[in-house]
Amino acid sequence: MQNASFKVVSFAATFGVFTTEPKQRLEDAGCEVKIIKHSRVLTDAEKIGCARDADAVILGGNGMSRRVINALPKLKVIAQHGRGIDGIDYKAATDKGVMVVNTPGVNIEETADLTFGLILDLERHITQMNDDLKAGVWEKRAGHSLYGKTIGIIGVGDIGLAVARRAMGFGMDILGNDIRQRPDAAKTGLMFTGLNDLLKRSDIVTIHTPLTASTTNLIGAKELKMMREDAILVNTSRWGIIRKEALEKALQSGQLMGYATDVHEQEPGPAPSFADLPNVLVTPHAGSATYETNLRMGMTVADNIIAVKDGVTPPNLVTPVSLIFG
């Protein structure tokens, strides 16, 4: 007989919303599931109040601090409805014996799709022309062709490699930078190089590296000055990799032609202060926002939680090694 006392609380805004199968899978396995609906980042006190008796917590944009982790006496597992766990105090969790799991690899193609959508929008001024025409202004804005241009990919993991495959189809030259050089990247024509060389040579720079101690503030004023004046920068990875103040100055001065981001300082939260600039595009961390990805992500979360409930090592347990290499 299934034990229905294993309580799951979800703070992930899209868990069980776009697709209901993951929630049903947890309930069929004997879990009691409570979904907390919200449109802002919850306070620590609110999280504690909602999850005080939880065995498992599912997170999306909300993080989990040491204070919250220590205040939940039954907590056994924190499940990230996504890949990045930088909002979770991992040390606090491991100190308390709480497992942390995530959903790597489920949104590779979709994030690469969004990345190229942002690139095309910036280079061809699609949103600007759409807004012009809807306002009654017929203006063809001159943009840049992608064919024959150079794209620089910072972080050649699964998503970075998926971006490289798309760049092949546009006839682009492809540069990459990473602490590890994947042999299979050569199939896309990607050439590995140093970060400074990539910045100097690329017409488009796109970031796909995790946020770690070595990538925090990786792109600052010095690095932005290396980029071409007509270059664009795209970030669908993590906030914190680019220095905000340096980026804002580069955009306002025209040193950088355009910037697009899917990641933000506070999620959910307001767009950055410079988002009203005409050469800036922002999306609400929507790289994985497809029905297909949401289903895969939710089912992976369910698999991990059920494994913990059943006393089995979860398939996507985050380890110190995976924190370093992603």
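Visitor: Why does His285 count as partly exposed?
Guide: The relative accessibility of His285 is 31%. Buried means under 20% relative accessible area, exposed means over 50%, and partly exposed is what lies in between (1.4 Å probe, protein chains only). So at 31%, His285 counts as partly exposed. A word on the source: this is a predicted model, where local features need pLDDT of at least 70, side-chain atom pairs count only at pLDDT 80 or more, and totals for chains, interfaces and linings use all residues. Residues are numbered from 1 along each chain as its sequence is written, and side-chain values use heavy atoms, with hydrogens and water left out.

Visitor: And what makes His125 count as buried?
Guide: His125 comes out at 17% relative accessibility, so it counts as buried. You'll find His125 in the loop between helix 5 (108–124) and helix 6 (126–134). Helices here are DSSP runs of H or I with at least four residues, strands are E runs of at least two, and both are numbered from the N terminus.

Visitor: What is there to say about phi at His125?
Guide: Most residues other than glycine have a negative phi. His125 isn't a glycine, yet its phi is positive, about 55°. His285 isn't a glycine either, and has a positive phi of about 50°; that residue lies in the loop between strand 12 and helix 11 (291–309).

Visitor: What makes strand 7 and strand 8 a pair?
Guide: Two strands pair if DSSP finds at least two bridges between them. Strand 7 (residues 173–177) and strand 8 have two bridges, in the parallel sense, and Leu175 stands opposite Met191 in strand 8. Both strands belong to an open sheet of seven, with parallel pairing in the order 8-7-6-9-10-11-12.

Visitor: Why do strand 8 and strand 12 stand at the edges?
Guide: Strand 8 (191–192) and strand 12 (280–282) each have a single partner strand, so one side of each is left without a neighbour in the sheet.
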